Each structure stands twice: as C-alpha cells, then as structure tokens.
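This report describes the backbone, the packing and the chain contacts of the structure shown below.

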There are 2 protein chains.
Amino acid sequence: MKSIIVNKNIVELEYAVRGRIPQRAAVLKKEGKQIIPCNIGNPQALGQKPITFYRDILSLLENPKLILRERKIGELKSISNYALDLADDLLTQMETGLGAYTESKGFSFIRESVAKYIDKRDGIDSSQPNLQSNPDNIFLTDGASEGAKAVLELLITNNKDGIMIPIPQYPLYSATIRRCGGAQVNYYPDEDDDWSLNIENLEDSINAAISDGINVKAIVVINPANPTGAILNDDSIKQVIDFAGKHDLAIIADEVYQENLYGGIFTSFAKAIGDRKIPLFSLHSVSKGFYGECGQRGGYLEVRNPPDVENSELSFIELLFKVSSVNLCSNTIGQALVYLMVNPPDQNSDEFSSFNSEKKQILDELFEKATIIRNSFKEMDGMECFGKIGALYLFPRINHLASGKTDFDYCMSLLEETGLCVVNGSGFGQKSDTHHLRIAFLPSKALLQNVLPKWIDFHNKYVNQ
Amino acid sequence: MKSIIVNKNIVELEYAVRGRIPQRAAVLKKEGKQIIPCNIGNPQALGQKPITFYRDILSLLENPKLILRERKIGELKSISNYALDLADDLLTQMETGLGAYTESKGFSFIRESVAKYIDKRDGIDSSQPNLQSNPDNIFLTDGASEGAKAVLELLITNNKDGIMIPIPQYPLYSATIRRCGGAQVNYYPDEDDDWSLNIENLEDSINAAISDGINVKAIVVINPANPTGAILNDDSIKQVIDFAGKHDLAIIADEVYQENLYGGIFTSFAKAIGDRKIPLFSLHSVSKGFYGECGQRGGYLEVRNPPDVENSELSFIELLFKVSSVNLCSNTIGQALVYLMVNPPDQNSDEFSSFNSEKKQILDELFEKATIIRNSFKEMDGMECFGKIGALYLFPRINHLASGKTDFDYCMSLLEETGLCVVNGSGFGQKSDTHHLRIAFLPSKALLQNVLPKWIDFHNKYVNQ
C-alpha cells in the first residue's frame, strides 16, 4: 500500500505520562535495571494492596457458586457474612450478572447509588430536591477519562471552540482537546500561593483567547490537582464558579482525587455551585483514593444543569447517551467497583473495622511517603514544592538548572542514574522559564530510603554542574 | 448558560441497536410487560450461562487468597487443579494483579498468547516467520469496538476520506465514520446469493465514490456477518483481497463471530492474505462465540502490514499506541478473558471435558434455536432468509409489507403486540425498496415456543392488512 496521510490531530497530540521517559524506562527494565515507576498514579504497581472487602465481593460476583460454598464451609470461611449477603443482593439487582451488556449508562441501581452518595457527601437531603443529584444524568464509565472525552467531543465543534485548562494540567485534557480539534486555552494557578486560583488570572486568560477569536465553552478544574497535588481552597472554587457564570462557561470538575487529602479539605463543585444554573460535569474514579483499582477501569460522570442544545432535537444528556450507546456499556467489574466505592460497609457490620483499618493504613502511608519525599527536597539545591498535599503527586519546582538543560533532560538523567521514573514538568505544561517534575509518592518506604539519597546526590551534582 | 452548538457529527450519528425500538421496550418493561430482548447479541441477558472455567479463573484472579483456600478444603473443593494452577501462573505473569494499569497495549504475555493462537488457528508455524503474528502489533481493547474506532479515527482526516462498508452493516461502523467526519461508501453483498461478495459490486461502489471525489482508504468486512449472520465463502474473501490490493485499500476484518458457525467454515483474512502486503486490521472479542462475556468488555485488534505514514515521524503502530496510552489500558478482567479465549484448557487436564461439554451445549443450542426461528419464517407470508447460519443473528427479508409501512413500523408493532424486541433492517442499512429485521437467536426454547406462534399470527395479519 502506498503511504497514507493520517489524522493530524492524533499525530500532534502528546501524552507525556506514557511518553519518552517511561518508554526508556521500559527498555532499561528489559535490560535488567531496577525501575521505580513514579511516572503514573498506579498504586498497586508499587505494592499497594487492594481492599480485601472489594476483592471479596468482586470474586463472588464473578463466581456466584462461591457464595453458597463459603456459607457451607464453616470455620474455613474467609469472607464476611456482610460481604456474602451483599454479593447476593448485588447479583439479584443486576439480574443478568457481570456477563451481559448493561444499560448504556450503566446499571440503574448503581447510578441511583452514586446519586445518593453525592447528596450525602455534599450534605443535601430530600428537603432540597432541586439540589439533589439525578441518576438519569449519571454515566458509569471505563475510568474517569472516558467521561471527560465524551463531554469534550460533544462540546468541541471546530478549532475556534476553546476549553480552558490549568497549567500545569493532566495531559488527558490537552490531548483530548487536540484530538477533537479544539483550541486549548491556558490559565495559570498561582504556584507561589499554593496553586490557588484568582479571577484576575482567569480573566487575563479568557480575554487573550477572545481576542484571538476563540469561543470559550468550558473550563477544566482538577481538584485535588494533578500534577501539582494541590487542594483548592473554597475561595478559589468560588472564583471559578463566578467566572464561569459571568462568561457562560460549563465547568468540567475532575475530582478523582477527592479522597486523597492530607491536610486540606475537599469541597465538590456540585456543592459549591448550589442552585446556580451553571453546567457542571464532574468526574470520579475507582483508580485513586485508597482503592487504587486502576486496572479495573471504573468511574462515573455526573452532569448538572446540562446546557440547552441549539443544533439538535436531542438534549445534551440524550446526546451523551447516544455516544455511550455506541460503546454498548462500560465494563461490569468497573461498575461494581463504583458501587463499592460509594457504599462503604455499614458501621454495624462484621466488615466495618477491617475495611476501615485497611483504608486508614493506606492513606496514612501515602501521607507519610509524601512527607518523606517532600522533606528530601530540602536537601536538594533550589528544589521548592508548594501547596497542601493532595492527590498522589508532588510537583516540585527545580529552580537551579544549568543553562541549556530542560526538566526533560533532568528526568531522563535521573532515570538513567537511579532507576527513578518521574515525568518532566513540560509534559504537563508550565509557565515559561520554569522547570518542574511530577513524582507519584507511591514507592514503599524501604524503596524510598534506598533511592532518595541517590536522588539527592544526583540532583546536587546535576544542578551544580 | 445560553444554548450551545454541539458537535454535528455526534448529532447526526445513528445507532439503531440501542435506538428507538429498544428504548420503547425499556418503557414497556417498566410498565410490567414481558420483553424478549433480541435487539442485541447479549447472550447472558437471555439466560446463557457463563463458562464455569472462565469464571473460576476470574474469581481467583480477583481474590488470590481463594487459591490457597481452595487447595486446603479437600473434598469441598469446587475448582479444578488445572484452574488453580493456571490462576497462580497468570498472577505470576501479571506481576501486579488486576488492580494496576497494564502496559497501554495490554499485558505483553497475553498479547504473545494471542499471536500464538492466531498462528495456530491459521496453520502457520515457525517455518513461515513472515506469516507469523507479531505481538507488538496486537492491542488488547475494551471489546472489539474500541479497536475499530481507533483505526477509523486514525485513517479518517476529512469528509473526503472514504471507508467502504457492507450494506447491511453493524452500525458501529456507520456511526464511527460519521463521528470521525469521514465518508461512508456503501457496497452491497448479494442477498439472493447467500450474501456473497463479488468484485463487480465492489468496483461499482468504489467507482461511484471516486467520481464523487472520495479518497477511499479502507474496506470493512464482517465475517461471519452482522446483521445477516451469513458466512463468507473463500471466493468472496479472495475477491475482497484482490480488490483491496488493486485499489490500495486497507482491510478492516471484523471477525468477532469466528466461533459462531453452524454449517459454514471460517477463513480468517490474515490467513487468506498470506504474504500479500495489504494492510489488515482484524478484530476479535470475548463477547460472542460460546463465551458471551459481553459485559466484561474484552477484545483485541491485530494489525498486519501497517501502512506507511506520510505526515508523522511515528509509525502507524506507534500512533495507535499513542491513542491507547491516553486511554491508559483496557480493563484487566477483559484482558484475562482474552487470554482464556485463546487458551482453552489442555486436552489432558481435569478441566477439559466439562469445558468442552459446556461449549458444545451452548453452540448446539444456538444452532437449534436459530433453526427453530428460521423454520417459523416458512409460516410467515413472504418472509425469506438467506445465507448459511452464523454469528448470533437471522436477517430475514420481509417481502410483503403494506404500502406506506416500513420495517421500523413492523418491528415497533411486533414489540407492542408480542414483547419481542428486534431491530428494523433500515437500522443497518439495506438496498432501497427492501425491508428486513434482525433477530438475535438467543431466547430459550421455551420462550421461543411461546412467542413464535404469536409472531407468526402477528406477521400474517400485519402484512395482509
């Protein structure tokens, strides 16, 4: 076949989290070098144990005969009665088990459960029906990415449709905007003020876009943030909402790290918006938090105040439904995990205390590891790190880089010398003339104790060469 | 927010398999009517049992502690030693279990396993290295749809890039071509000759497209076919390959029904192409065959002879890799099911005979049910059905419809009167002035014995009204 021209949007999109540095790491690993993969928030790849309760349920859903067997074997039983009853109940509600396509949006009882969880999280009860979450506007998805992609694909009609994204950002957004042929409009959280947002910065950004003829349609906010790990304060959230209201923008709130908080408080955009009629798309996932079930690909998209659509007889929700129909449905194990994520074991159950102690141990350890890494920055010349610790990442600024060197060079050399695989700040976007890296704080403490001294050594030599 | 303009490609795409008729069925079901969902190939929704061996393995992968427990409980054991050993082995090869993101293309040992399966299926051994499947060109995907979408998205650059699709076709293809903004180029298998293909029809179709200024890049073939259920004979396959070679087209071979054969023989495009350098994208899935694990979303895309790319430094495979990277990875349970699909139990194992008897029972029953339905067409005035029976579908032609009535009207009335939910032929495309419907032959024999007489009654009244 003669050579062909392919979709230039795909040619041009970039995705550093799985880009050249991790690809080099894969080669080194094959050659026998020990690699510590901190390029991605993938906890179980670095030894985090799955929550026992979740896996008990999932195994019973895959293999219902084990429920009865477990009930029969008496003292040898290793699954709680609570889990056995729940698995039974879930199978009844699913009707067709895990092996059939579900409704396009996902099992309706799970979507109802998600809506209840959101209301409970945000302190909304039946006395405020207009603020309650609507299960019909919830879509269960293969991880959170799929929901973000569906919304962006629907919003973007041409290269003058703009989406505001924070810089730095998780490259899913820049990549998807590029893939859909839209315009990326950068805004800049204030690093030195713990990555807070303020309306002046947002105004500067949209005004520049408008003067370029861009029709800005939505603003993406990631909270807790990826890659910075920062947690937005309530004032920042309010400023985004006011800004979106003023400029008629939808808000895409990536809230997948809402349980990864170490010192900050999470406020959802759903709660903060209240009864203002601003379109909101919020995303959550089973991949992060203390669950860390990345490979099982579960997530949800919740829509509030869907915008009216001018060029279709179908509503925005019906159009999203059509997209999800072509995909048939998200995977059923991921859907079941979403159910478990929004339904922790009952306080009075025989499952509660072990579940909670596993949860606490994972979150405590994550915080401890983040602190150990952050403290080691103090021994690195010109390494500074801002913001409360959230998500699974630290995003330190490398203030002293020899001229001509980039953070990409730094990270590649760090990988070659220590086996530590992190991602260069430029892979997420950053203010010009700044240099950063993102590290996922997931390696075991033993591994950190081994590698951090090497990193400190490497750093001080590298920046002072 | 003011009303907005959304992506017209999504506004315009259609997907009848989950369109107005099944949506009406959902409403009727809520109202208490018994619905028989034959609109979609979803075997377990209609009572087909999952293969025990698969579910044993999946439950052990989700919950590895059960392996040891099972080995300990002696007579109470309900999982074979073969399955226990295999689960152990798979967990070792996975290293990080089901909960971590895998490589973007999927676990490499599973991709290697798929390559071996393809070679064995096609009778290729190490004496023909140029014909062997390459694991680096295999992508594990969430069902087969995802692979088809990735290829089409990469091939289509604008509305003059054409993709040839059979009429009738599975609407994933028309919907995705529309979504990517490309041009759909129809070709017409010969219904009265058992839906065979011939080069004259293909030439007519491409010539018409070329004279419209369309740059045709690929031809989609579905074998066994969806919606017709027909199995392509070797001559048809050869004609497609010659045609693709002559016109410099890639072939997209949707072969997800390759184990659903009742009287015909399956030849893969990979085998038929041999050493000709024609780009081939073949798709397979765990959703169909005798496995029917639709909800668990496993599949693969195999690429052969990837085309050279003019406008990128990256190769076609590297570009597909980039797309899969943004998705992070397909779900791990789906990946594990692909492994199981391509590795049936060893002939000498304690699992072999029960596995095979389950497999045989499912396939025998499908054939029997297809035959029962097809025979009932003989009692319906002017109902004709062509082709060897394959896939999960029959696609009879309704020759006598009262003037002014469409097959959509027919199917909607059939649903209202009998609860039987099928899809109108126009949902898949069909030759003008013909009328069809697609029925998935999945309901139990008891259900069929109940509903078929009602259908026959309905039909003869409806077409003679």
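A:Pro227 sits in the loop between strand 5 (215-222) and helix 10 (234-247) of chain A; helices (H or I, at least four residues) and strands (E, at least two) are DSSP runs, numbered from the N terminus. The peptide bond leading from A:Asn226 into A:Pro227 is cis, with omega near 20°. The model is predicted: local features need pLDDT of at least 70 and side-chain atom pairs count only at pLDDT 80 or more, while totals for chains, interfaces and linings use all residues. Residues are numbered from 1 along each chain as its sequence is written, and chains are lettered from A and ligands numbered from 1 in the order in which they are written.

In chain B, the loop between strand 5 (215-222) and helix 10 (234-247) holds B:Pro224. There a cis peptide bond joins B:Asn223 and B:Pro224, with omega of about -15°. Most residues other than glycine have a negative phi, and most peptide bonds are trans. The table sets out backbone angles of these kinds.

| Site | Feature | Angle |
|---|---|---|
| A:Asn226 to A:Pro227 | cis peptide bond | omega near 20° |
| B:Asn223 to B:Pro224 | cis peptide bond | omega about -15° |
| A:Asn305 | positive phi, not a glycine | phi about 50° |
| B:Leu328 | positive phi, not a glycine | phi about 75° |

A:Asn305 belongs to the loop between strand 9 (299-304) and helix 12 (316-326) of chain A. A residue is buried if 20 or more other C-beta atoms lie within 10 Å of its own, exposed if 12 or fewer, and partly exposed in between, with C-beta atoms placed from the backbone. A:Asn305 counts as partly exposed because it has 17 C-beta neighbours inside 10 Å. B:Leu328, in the loop between helix 12 and helix 13 of chain B, has 23 such neighbours inside 10 Å and therefore counts as buried.

The buried residues include B:Ile333, B:Leu337 and B:Tyr339. Their cover includes helix 13 (332-342) of chain A, together with helix 3, helix 5 (81-94), helix 6 (108-122), strand 2 (138-141) and strand 9 (299-304) of chain B.

Another buried position is B:Ala45, with 22 other C-beta atoms within 10 Å. B:Ala45 is found in the loop between strand 1 (36-37) and helix 3 of chain B. Residues are in contact if their C-beta atoms, placed from the backbone, lie within 7 Å. Not counting residues up to four places away in sequence, B:Ala45 touches A:Thr96, A:Ala100, A:Tyr101 and B:Pro37.

How are the two chains related? A rotation of 180° with 0.0 Å of shift along its axis superposes chain B on chain A, with an RMSD of 0.0 Å; copies are superposed by least squares on the C-alpha atoms of residues with pLDDT of at least 70 in both. That is the relation of a two-fold axis. The same surface serves both copies, as 100% of the contact residues of chain B recur in chain A. Of the residues of chain B, B:Ser59 comes closest to the rotation axis, its C-alpha lying at 2.1 Å.

Across the interface, 78 residues of chain B are in contact with 78 residues of chain A. Elements of chain B giving two or more residues to this side include helix 3 (52-62), helix 12 (316-326) and helix 13 (332-342). The side of chain B that touches chain A has 35 nonpolar, 25 polar and 18 charged residues. Here Ala, Val, Leu, Ile, Met, Phe, Trp, Tyr, Cys and Pro count as nonpolar, Asp, Glu, Lys and Arg as charged, and the others, Gly among them, as polar.

Chain A contains 16 helices and 16 strands, and buried residues make up 54% of its 465 residues. Its C-alpha atoms fill a box of roughly 70 × 60 × 60 Å, taken along the principal axes.

Chain A is divided into domain 1 (8-48 + 355-463) and domain 2 (108-342), with bounds from an automatic or database domain assignment. The C-alpha centres of these domains of chain A lie 26 Å apart. Their contact takes 36 residues from domain 1 and 33 residues from domain 2. On the side of domain 1 that touches domain 2, helix 14 of chain A gives the largest share, 5 residues.

How values were computed. Contact = placed C-beta atoms within 7 Å.
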